[in-house]
Amino acid sequence: MIIVPVGENTLSDCRKHIPKILKKADVVELRLDFLDDISIPKIEKLICTYPILLTLRSKAEGGKGAQTVANRRKVLKEIIDLKPAYLDLEFERDKDLLSYAKSKSPKTSIILSFHKFKGASIDVEKKLKQMKKVKAWKYKVACFSTSVIDAMKMLLLMKRYKDFIGISMGNRGYISRVLAPVYNQPITYACLNECDSLASGQVALDTMVDLYRYPKLSSSTKVLGIIGTPLSQSPGQRVYNSIFAQNDIDSIYLNFELESEELKDFIPLAKKLKFYGLSVTIPHKETIASFVDQKDSMQKDLLSLNSLQFKKNKVFAINTDGLGSLSLLEQHGDVKNKKILIVGAGGTAHGLGFVLNQAGAKVTFMNRTDVKAKNLANMFHAKWRSFGELKKIKKNDYDILIHTTSVGMKDKTESLVPSDILYPGKIVLDVVFNDTKLIQSAKEKKCVAYNGVDFWVDQAALQFRLWHGLEASAAKEKMKKKF
Ligand code: ATR
């Protein structure tokens, strides 16, 4: 069940939104605290026509109204007398009204709610237990948070308590709103448009239904996603979810925006929540290795991993960045003995270097911080050259050039690689998504140029195979069409 709140100054303005909302949502939450004039007869007319949840939020819990305590209580009683289908009451202020509601309108489904917008975090389960001492239809606890971890804890509680709606407000908490039905709670709140959102982190109704396919989610849905930060440029949510929809695959893919220090809490929670698989990106590709139980048999020594699968409480990992780049480059023949120059020495360079080195390529690393290039080279018995020599690279120094840093991501006019060292016929791969300066120069110099989308698609096709058993080439074709 999707509930969409509406807050306008007049009931007629609220009414205008209702038909549109009910095309995709189940219930409209009428925020009475936004109204200049609360007309009981008009509200009665509205609730007789549409499925409506009535909420008169107090100022103390984020409401807009300037209602006095006495007046708010009077209005709530009048509303209960209307016998609405759904009513929101606040645990802190209204719990004694529950017995009034029960006697006057026993069929009303009451959501008993509690909101925490700022200050120290609370023990949500303790609060829920206190709330459950009074009888209601659902118990809603909404707490503001800046962390995915809090949202995951809400999901765990929803799994445990069927009548609990746990909302982690804030952008990173949106997963608590989207994944509710996977963890036993069919009810969520969405906003009509993101700009109209009445609560932080609310997902737009169209996104909830069309991208995340909320009505289809259930406890059998496989939960997948990406961990990293920043994720705003990551195409996974859009591409994976639309392929799931197109092929009727019961899976969902979400962004889990996660700081490095949160990884240690995230993985145990992901196991408890029975997540199915994860993509891993900056800055976790290397740190994730210490949470992995088993690696692909060909990658036992690899310490940069970007694809996880959870199996029987264990984490299996593989690097599809490296394998994806290999399949991309092998379109031009075997990489064995080819000279590959890798610019950068972070997690991506590490994964690519390992796999390409394993495939017999002659890899050379160059990186702003020379020592990191040297370390990777030592690890793989490969070569490295000092970063200052990049501008002196000659035609015979490489066959394939791979740029793995983030330069060019924010500023399309920036490139670490001087165009003078690009030569016709060379293969150039830039892992950055934009049509970067490097890619433009490579095309001008008649190189074979691959950008971040080509790179992403090849590695993602292998992830798709890992999670859904779909042949990588078929997955690749589907993904290309989604860009
Ligand atoms: P990823 O997992 O995507 O590889 P990372 O591990 O953070 O990300 O690695 C980033 C790489 O980009 C590093 O090699 C970094 O160089 P340093 O080792 O010197 O930090 C490189 N990088 C990032 N910004 C850069 C810049 N402005 N100029 C040169 N190299 C840069």
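I began at the ligand, where a backbone N or O atom of alanine 345 lies 2.9 Å from a ligand oxygen atom. I count a polar contact when two N or O atoms are within 3.5 Å; within protein, one must be able to donate a hydrogen and the other to accept it, and residues adjacent in sequence count only if both atoms are side-chain atoms.

Before going on, I noted the ground rules: this is a predicted model, local features need pLDDT of at least 70, side-chain atom pairs need 80 or more, and totals for chains, interfaces and linings use all residues. Residues are numbered from 1 along each chain as its sequence is written, and side-chain values use heavy atoms, with hydrogens and water left out.

Threonine 348 has a polar backbone atom 2.9 Å from an oxygen atom of the ligand. Asparagine 367 uses its side chain instead, with a polar atom 2.7 Å from a ligand oxygen. On its own the ligand has 640 Å² of accessible area, and the protein covers 75% of that (Shrake-Rupley method, 1.4 Å probe; for residues, only the protein chains shown count as cover).

**Helix 16.** Next I checked residues 452–468, a DSSP run (helices are H or I, at least four residues; strands are E, at least two; both numbered from the N terminus). Asparagine 451 caps the N-terminal end, its side-chain oxygen 3.0 Å from the backbone nitrogen of valine 453. After the helix comes glycine 469, with a positive phi near 70°.

**Rings.** Ring pairs link Trp456, Phe464 and Trp467 with Tyr240, Phe244 and Tyr253 in a cluster. My count is 15 aromatic pairs (Phe, Tyr and six-membered Trp rings, centres within 6.5 Å; planes under 30 degrees apart are stacked, over 60 edge-to-face, the rest tilted). Tyrosine 398 and tyrosine 423 have centres 6.4 Å apart and planes at 50°, so I logged them as tilted.

Terms used:
The expected span of a helix is 1.5 Å times one less than its number of residues.
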